[in-house]
Amino acid sequence: MCDELTENDKKQFLLNQRNLNRRDFSKLSIAALITAVLPNVVFAQTVTESTIEIATPDGISDCYFVSPSNGKYPGVILWPDIKGLRPAYKVLAKRLAQAGYSVLVINHYYRDAKAPVVSPDASFGDPKTMNYLRSMASKLTHDAITSDAKAYIDFLDKQINVDRNRKMGTIGYCMGGSDTLRTAAAAPSRIGAVASFHGGGLDISDGPDSTHLLIEKSSAHALHAIAENDDKRSPEIKNVLRTAYKAAGISAEIEVYEETLHGWCTLDYSGYNEKQAEKAWSRLLHLFDKALA
């Protein structure tokens, strides 16, 4: 999904809405970004944020954790896109925490480096950046993601800000989309909702490792927000997902978002589509409100 074809689509596609230049983004604080880019959260909670370390079977994962300062709330695991944990995802996590969730943003690449693994203005269109990220991403086997997911769930369940009587949610962007399904399959009794935004790595195939086969292993309600150019390239994915959710008897909202490029929900992406990103965000809040009650 994050590849040369997407970069070519981005260059040819003119988006008619307000954007932040990546170079400008890297100079702004999280608070400034929320003010400049995102609508205010109605009845926003006061939140507490920190960088934390989580022990996993493969090492120590440095993560970002943000939650309402008082009370207990559903836990959420956020899996970033291929560029990893960085300010753009801290912004989204903080916004979600203000809406009443305890959010953990993970560093996929902790086995190799602490976050951020690339600069905020790094472009996947740069061959050096692309090769560096792909070399680390290639180590993220299905077993590695499943093992990490269990460690992150265990961490959240030990936090005073997390309500263990309510199920957790998990969100994934780009390659993080498939991670949400692996998380739900790894802990079906704890994960109540999965949300994939321009999800990659779904590996829809006839083989035994196809990601859609994980759906029947959980009961998590789902949201799949698909980029228009991804759908044009692989139109069968949405239909395979719909069939799998229907067979499992699981509620799922699967939609192709018009006039969007892969990555359109990510704030530091030059193809960020504010209107459609806000629509996807509203559907996420609706999903969590229903599934994590």
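Q: Which residue just after α9 takes a positive phi?
A: This is a predicted model, where local features need pLDDT of at least 70, side-chain atom pairs count only at pLDDT 80 or more, and totals for chains, interfaces and linings use all residues. Numbering runs from 1 along each chain as its sequence is written, and side-chain values use heavy atoms, with hydrogens and water left out. Helices (DSSP H or I, at least four residues) and strands (E, at least two) are numbered from the N terminus. Phi is about 70° just after α9, at glycine 249.

Q: How far apart are the end C-alpha atoms of α9?
A: Helix α9 has 13 residues, 236–248. Its expected span is 1.5 Å times one less than its number of residues, so it should be 18 Å. The model agrees, with the ends 19 Å apart.

Q: With which side chain does the side chain of aspartate 81 make a polar contact?
A: Aspartate 81 lies in the loop between β3 (75–79) and α4 (87–98). With a relative accessible area of 9%, it's buried. A polar contact is a pair of N or O atoms within 3.5 Å; within protein, one must be able to donate a hydrogen and the other to accept it, and residues adjacent in sequence count only if both atoms are side-chain atoms. Here the distance is 3.1 Å, and the partner is tyrosine 89.

How values were computed. Buried means under 20% relative accessible area, exposed over 50%, partly exposed in between (1.4 Å probe, protein chains only).
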